[in-house]
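User: I'd like to learn how to read a fold by walking through one example. Can you take me through it feature by feature?

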Amino acid sequence: MDVVVVTGCSRGIGLGLVKQFCQKKVQLVATCRNPSKAPELAKILKDNGQPEALPLDLTSKESVQTLADNIKTKYGKVDILLNNAGLATKNHPHDPPQDLDTLEMMQIFETNVAGTCLVTQTLLPLLKESSNPRVLCISSFLGSISKNTPSETNFYMATSYRCSKSALNQLIRCFALSVPEVTFLSVSPGHVQTDMGNASGRTAPLTVDHVSDKISDLSINMKKEQSGAFMDFNQEIIPY
Ligand SMILES: NC(=O)c1ccc[n+]([C@@H]2O[C@H](COP(=O)([O-])OP(=O)(O)OC[C@H]3O[C@@H](n4cnc5c(N)ncnc54)[C@H](OP(=O)(O)O)[C@@H]3O)[C@@H](O)[C@H]2O)c1
């Protein structure tokens, strides 16, 4: 049975992914910063006979290593790593470059880029124990540099967030080239109805259920020859 690790499961798309994976025959390792403060997650896992969520803060080396040690002891491998956890600025999506707070920018990078890198590199030995190791990272269409034009829908100058997702795409490309035995994908979920997607009074068009259904399927079915690509959940390539 595939061992599936999902980050950032307390709410939003991560919680949606947990619901979807509970319907599939997988061994789920749901993680979030503080499981005791995620009652909805705890109930879904319990109702579906999956183990309790494990704590994981992407920005803490100790937390990431403890998770890896736990998974090694319990399952000895990871088949799918779904890097979902992410952070946006407090005024998301309004963050023009001339005004942005560079300390906040560093926090966004610490989570979205360095944190995702840390989890991925720490779990790599366990991924290499799988016969079909896959890593799907939730990126964003806002990370596309060529689509950063006023004519695009969803045009926001979310500078720190955009920069972090562009960097995340590059990170995934680097992983794909350096570790060819693992399949890596960067996937844009579209604009989704979550705390982040609805921030600043917006109403996002896509539901968490729809997006999580598509992304969980893609993470299971992604193909080696796609490794390093940036795409949407319908597998349409997005230009960098
Ligand atoms: N919603 C959209 O329209 C949209 C569009 C494009 C891309 N995305 C991406 O989709 C992913 C999920 O976003 P969402 O919309 O579901 O956002 P959300 O509702 O704000 O949820 C973000 C999740 O990430 C977790 N998280 C943040 N920092 C973390 C850290 N240091 N360690 C561990 N977990 C951390 C949060 O945990 P806490 O509950 O502990 O804060 C929460 O579970 C993100 O990567 C986001 O950038 C979203």
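Predicted model: local features only at pLDDT ≥ 70, side-chain atom pairs only at ≥ 80, totals over all residues.

User: Which residues come nearest to the ligand?

Analyst: G8, G12, G86, T194 and G197 come nearest, out of 30 residues around the ligand. If you go by elements, helix 1 and helix 4 (102–127) are the ones that give two or more residues to that shell. By class, the shell has 11 nonpolar, 15 polar and 4 charged residues.

User: Now the sheet. How do I read one?

Analyst: The general idea first: strands of a sheet pair through backbone hydrogen bonds, either parallel or antiparallel. Here you have an open sheet of 7 strands with parallel pairing, in the order 3-2-1-4-5-6-7. Strand 3 (54–55) and strand 7 (229–232) are the edge strands, each pairing on one side only.

User: How many bridges join strand 1 to strand 2?

Analyst: There are 5 bridges between strand 1 (residues 2–6) and strand 2 (residues 26–32), and the two run parallel.

User: What about helix packing? At what angle do helix 1 and helix 6 pack?

Analyst: For a helix pair, look at the angle, the axis distance and the handedness. Helix 1 (residues 12–22) and helix 6 (residues 208–221) pack at about 60°, and their axes are 8 Å apart. Angles under 35 degrees count as roughly parallel and 65 to 115 as roughly perpendicular, so this pair is oblique. The crossing is right-handed. On the helix 1 side the contact includes G12, I13 and G16, and on the helix 6 side it includes V208, D209 and V211. By class, that contact has 6 nonpolar, 5 polar and 3 charged residues.

User: And how are helix 4 and helix 5 set, roughly parallel or oblique?

Analyst: Helix 4 and helix 5 (residues 159–178) pack at about 20°, with axes 9 Å apart, and therefore they are roughly parallel to each other. Their crossing is right-handed. Among the residues that meet are M105, I108 and F109 in helix 4 and L168, L171 and F175 in helix 5.

User: Which residues make the contact between helix 3 and helix 4?

Analyst: Geometry first: the axes of helix 3 (residues 61–74) and helix 4 come within 10 Å and cross at roughly 20°. These two are therefore roughly parallel, and the crossing is right-handed. Helix 3 brings K61, V64, Q65, A68, I71 and K72, while helix 4 brings L118, V119, T122, L123 and L126. They divide into 7 nonpolar, 2 polar and 2 charged.

User: Last one: what should I look for in the backbone torsions?

Analyst: Look for exceptions. Most residues other than glycine have a negative phi, and most peptide bonds are trans. In this model the peptide bond from H92 to P93 is cis, with omega near 5°. You'll find P93 in the loop between strand 4 (80–83) and helix 4.

User: Where does S200 lie, and what is the phi of S200 near?

Analyst: S200 lies in the loop between strand 6 (183–188) and helix 6. Phi of S200 is near 60°, a positive value in a residue other than glycine.

Technical notes: Residues numbered from 1 in each chain as written. Axes fitted to C-alpha atoms, helices over the stretch in contact; angles between N-to-C directions. Helix = DSSP H or I, 4+ residues; strand = E, 2+ residues; numbered from the N terminus. Parallel < 35°, antiparallel > 145°, perpendicular 65-115°, else oblique. Left-handed = near helix turned anticlockwise from the far one by under 90°. Contact = placed C-beta atoms within 7 Å. Nonpolar A, V, L, I, M, F, W, Y, C, P; charged D, E, K, R; others polar. Near = placed C-beta within 6 Å. Pairing = 2+ DSSP bridges.
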